[in-house]
Amino acid sequence: MTEGTTSAAAEGADTLTRLEQEGEIAADYLEGLLDIADLDGDIDMDVEADRAAVSIISDAGGRDLQKLVGRDGEVLEALQELTRLAVHRETGDRSRLMLDIGGYRAKKRAELSELGAKAAAEVKNTGESVKLDPMTPFERKVVHDAVKAAGLRSESEGEEPQRFVVVLPA
């Protein structure tokens, strides 16, 4: 191995260790919240796309966990920000941690990928750009990825919280 390869491997291992630490801190924080709220749920940790990913899952149908998702994922977004702040407080570093509760984000990701693909198909058929409804940053990212996979480009326009995706012709 060359020095550059060794250094890159060590940096990758350091990043993985840091992300695993973020996941551990987040899991501890979320377990405390579940205890306070008297809700049952298991914590699953992973590293996906250079981010710590933490999921709260339940064997008992997940009705209680739905309270933690809220309408249109609003409570989930707030809990994710609180969890990121808890990680930041412990590590001193900004966290990009992703939180999923009861599979809500995974389901939403699939729906948004389909929306992005349909919008891209419409743009290919008509040759005209398509504006989508306002979305959260997470939702826009998923749509941008789906549009890119379809071979087109997209942009975000507007100001938060009314920021939206525009799918553009090739």
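So, the structure holds one cavity of 30 Å³ or more. Before I go on, this is a predicted model, where local features need pLDDT of at least 70, side-chain atom pairs count only at pLDDT 80 or more, and totals for chains, interfaces and linings use all residues. Residues are numbered from 1 along each chain as its sequence is written, and side-chain values use heavy atoms, with hydrogens and water left out.

Back to that cavity. On a 1 Å grid over the protein atoms alone, a cavity is a set of points where a 1.4 Å probe fits but cannot get out; a pocket is an open set with protein on both sides within 12 Å along at least five of seven lines, and lining residues have an atom within 4 Å of a point. Points are joined across faces, edges and corners, and volume is the space filled by probe spheres set on them.

The largest cavity comes out at about 50 Å³. Its lining includes Asp-72, Leu-76, Tyr-104, Arg-105 and Phe-138. Two or more lining residues come from each of α3, α4 and α5. Here helices (H or I, at least four residues) and strands (E, at least two) are DSSP runs, numbered from the N terminus. Which helix gives the most to this lining? That's α4, with three residues. By class we get three nonpolar, two polar and five charged.

Now the pockets. The largest pocket has a volume of about 620 Å³. It has 28 lining residues, and Arg-51, Met-98, Arg-105, Arg-109 and Phe-138 lie nearest its centre. α5 gives the most to this lining, five residues. What classes make up the lining of the largest pocket? Ten residues are nonpolar, four polar and 14 charged.

The second largest pocket is about 200 Å³. Among its lining residues are Arg-71, Glu-74, Lys-108 and Thr-136. That lining splits into one nonpolar, two polar and six charged residues.

On to the sheets. Strands of a sheet pair through backbone hydrogen bonds, either parallel or antiparallel. For us, two strands pair if DSSP finds at least two bridges between them. β2 and β3 run parallel and are joined by four bridges. Ala-53 sits opposite Met-98 of β3, and Met-98 is also one of the residues nearest the centre of the largest pocket.

The other open sheet is antiparallel, in the order β4-β6-β5. β4 (130-134) and β5 (153-157) are at the edges with a single partner strand each, so one side of each is left without a neighbour in the sheet. β5 and β6 (residues 164-168) pair over five bridges. Arg-153 has Leu-168 in β6 as its bridge partner.

What lies across this sheet? α4 lies across β4 and β6, at about 155 degrees to β4. α5 packs on the sheet too, touching β4, β5 and β6, and makes about 160 degrees with β5. Contact here means heavy atoms within 4.5 Å. Axes are lines fitted to C-alpha atoms, for helices over the stretch in contact, and angles run from 0 to 180 degrees between N-to-C directions.

Technical notes. Nonpolar A, V, L, I, M, F, W, Y, C, P; charged D, E, K, R; others polar.
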